[in-house]
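I am opening a notebook page on a structure that is new to me. I want to look up its parts in turn and write down what I find.

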Amino acid sequence: MNEPVLTERHSVTELNQEKVESPFRETMRALLHHRSAMIGGGIILFLILIAFIAPLLLPFGYNQIDADARLQPPSAEHWFGTDDFGRDIFARVVYGARISLWVGFFAITGSIVIGSVLGLIAGYYGGWRDTLISRSFDILLAFPAILLAIAIVAMLGPSLENAMYAIAIINIPTFGRLMRSRVLAVKQEDFVLAAQAIGMKDTRILFHHILPNSWTPIMVQGTLGFATAVLEAAALGFIGMGAQPPDPEWGKMLSDSRGFFQSAPWTMIFPGLAIMLTVLGFNLLGDGLRDVLDPRMKQ
Amino acid sequence: MTQSQSLLEVRNLKKYFPIRGGVFGRKVGEVKAVDDVSFSVNKGETLGIVGESGCGKSTTGRAILRLEEPTSGNVEFEGNELTRLKKEAMRRMRRELQMVFQDPFASLNPRKTAFEIIEEPLKVHGIGHASERKEQVMELLQVVGLDVSHAGRYPHQFSGGQRQRIGIARALAVRPKLIVADEPVSALDVSIQSQVLNLLEDLQHTFDLTYVFIAHDLSVVRHISDRVGVMYLGRMVELANRDSLYDQPLHPYTQALLSAVPVPDPDSVRERIILSGDVPTPSNPPKGCAFHTRCPHVMDICQEVRPEFKDYGEEHYVACHLLEK
C-alpha cells in the first residue's frame, strides 16, 4: 500500500477514537486502482446485470420457436440471428448467462465451503484426520477433472443440477489443499500460540485466528475457479451431460450448432464469444485480486 | 526454596522432541530440549532464566504452560498439578498463567485491532459484559502506556515497542498470577527495551505479579530478576539469588558467560574466559556433565557422571563436580 494508511480524521465518539481502515476496505480500494481487475470486474458486473435485467426487455422468449425464421443471419430484429428452430440467439445467449453464472456460483461456493473446512481440519489437527483428507484429495486429483465430472454425472444422471454437483466435487481438492497449506503455515505463527496461551477453544482459534489469515489465496483461486467452472459446465453441456434441451446453455448451444456452422456461423460464434467473455472477466479479476492480496507478487 | 510461599514448582521437567526419519517416519532419535529441570518460583518474585540460543529456555517456558506438552515431570501451580489437568480444566486454568512473547510482530493477529486483541482474553473467559469489557480494555491500554484513541488501529500501525505493550496488556487482561515472559524485549531497540522493562516492573508491583523472565541478555536479566537460573544444553546448571550469582558465580559456564558481559569502564582489566568449540547437539548430548566438552576445569568424573543439582549454601544451586571436592 503506497498511500499513508492512517487518516487524520477523528470521529466524535465518546472516546475520540480515530478512524482506521480495515484490511478489507484497504484491499477494496487497492482493487479499484488495479486496471485489469477493474476491466474484469466490469465484464462480470455487465454479465450479471444482463442476466438479471435483460430477460425483462427481450422481445423474444428463449424457447420461442419461429418456423418461418430458421437460421436467419443477424439482423435488426434478431441481433445475433436465429438457430435451426428459428429461436432468437440473443435471447438464448442472455438466458445462458443466467445458467452459467448460477452454475459457476453454486458449484464454486460449494467447493470453497467444503474444501476449506476439510483443509482447516487437515491442516490444524494433522494426524489421521490429515492423512484421511489429504489422501482422499489425492484420489480425486488422480483423475482428469473432466473425466471425473463425466463419471459423476453418469452416475447421477445427466442434468444441469447434477453437472453442478460434479463441478463442485471435482474442485474441492484444489481449495482443500490450498487451505491446508495456508493453515500449516499460519498455525506456526506466534499469534496462534498466543491464542492457545490465552485459553481459547479450538473452534475460536480456527475461525477467528487461522481462517481470517488464510482465506486470501482462496479468494483468488475462487475467482479463477469460477472461470474454470463456467468452462466445465459448457464442456459437460457440449457432450450432453449438462443442461438438457431446451435449456439455453452455452455449451449445449455450441454442440447443437455443429451441423451448420459453415452455413450459419452465428449459431456458434455468439455462444462461444459469451463463454470467452465470462472466462476472461473472471480471470482478469482473479489476477488483479492476486496482485492486490499478495504483496510479494507485486512488481 | 521454602515450600510455603512458592507459586510455581517445576520438578524434573523434560521435553524431548522426536526426530523422525526413514520411509515410515519412525522415531530415529530425539532432541533433548529440556532435560530434567527443576526449580521453584516464589510468589511476587521474578525468576530470570538465561542461556544461549538453543539451550531450552523458551521450551521450558512453553512446557510450563503446556503450550508444548512436557515429556515428563511435574509442574505444580498453587498446589494444582498442571500436567495432569484435562484439556478443558487446563484451558480455564490459563486465566492464572499468561505469556508474553518474544516477537511483537508475529504474536499479534494482523487482522484484529488492538482493542479486539486485548478484549479477546476477557471474552474467552467470559468476563464482564460488552460495556464492562470496553471499559477494562481502555483501562488496560492506559496502564500499559498506550493512547486510548489508538484502540481501533491494527498491529501493523504500531511500533515494535507499542506492539509489545499490546501483548503485555493482552496477558494482563485476565489478571493472571504468573506471567511467563519469553524474551519480551530482545526484539526491541535498546532505547525501547528499558521502557518495556520498567513497565513490566511497575506492573509487577501494581498487580502483584510473579514473572518467569526468559532472556539471553545478562544485563537485562540482572536488572529485573530476584533470582536467576542459568541453562546449558537443556539443563539448569546454576540457580541462585541475583547478587550471589552475578558476584560469585560457581559454575564454570556461568563464569564464562559473565566474563563476556562488557563493563562500561575502559580501564578495567578483567580475565575473559573464552570457551572453545561449539555447544554440542542436544540430540546427542555428551555423557556425564553436558558442559565437560568445553569446560576449562574438566575432570575425569565429569565425562562419566552427571553432576547433581545441589544447594551449596544460601539456596545457591549448582550442578558441578568441582564443588563436591
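Entry one, chain A. I keep in mind throughout that this is a predicted model. I looked up the secondary structure of chain A and found 11 helices and 0 strands, so I note that the elements, read from the N terminus on, run α-α-α-α-α-α-α-α-α-α-α. The C-alpha trace of chain A spans about 75 × 50 × 35 Å along its principal axes, and 43% of the 299 residues of this chain count as buried. I then turned to the contacts in chain A between residues at least 6 apart in sequence, of which 69% join residues at least 24 apart.

Entry two, the contact. How many residues does the contact take from chain B and from chain A? I find 29 residues from chain B and 23 residues from chain A. On the side of chain B that touches chain A, helix H2 (87-93), strand E6 (97-100) and helix H3 (114-124) of chain B each supply at least two residues, and H3(B) gives the most, with 3 residues. By kind, the residues of that side of chain B divide into 13 nonpolar, 8 polar and 8 charged.

In chain B I traced an open sheet of 8 strands with mixed pairing, in the order E6-E7-E8-E3-E9-E10-E12-E11. Its edge strands are E6 and strand E11 (310-311) of chain B, each of which pairs on one side only. Strand E10 (residues 235-241) of chain B pairs with strand E12 (residues 317-318) of chain B in the antiparallel sense over 2 bridges, and there Glu238(B) stands opposite Val318(B) in E12(B).

Methods. Residues numbered from 1 in each chain as written. Chains lettered and ligands numbered in written order. Predicted model: local features only at pLDDT ≥ 70, side-chain atom pairs only at ≥ 80, totals over all residues. Helix = DSSP H or I, 4+ residues; strand = E, 2+ residues; numbered from the N terminus. Buried ≥ 20, exposed ≤ 12 C-beta atoms within 10 Å, placed from the backbone. Contact = placed C-beta atoms within 7 Å. Nonpolar A, V, L, I, M, F, W, Y, C, P; charged D, E, K, R; others polar. Pairing = 2+ DSSP bridges.
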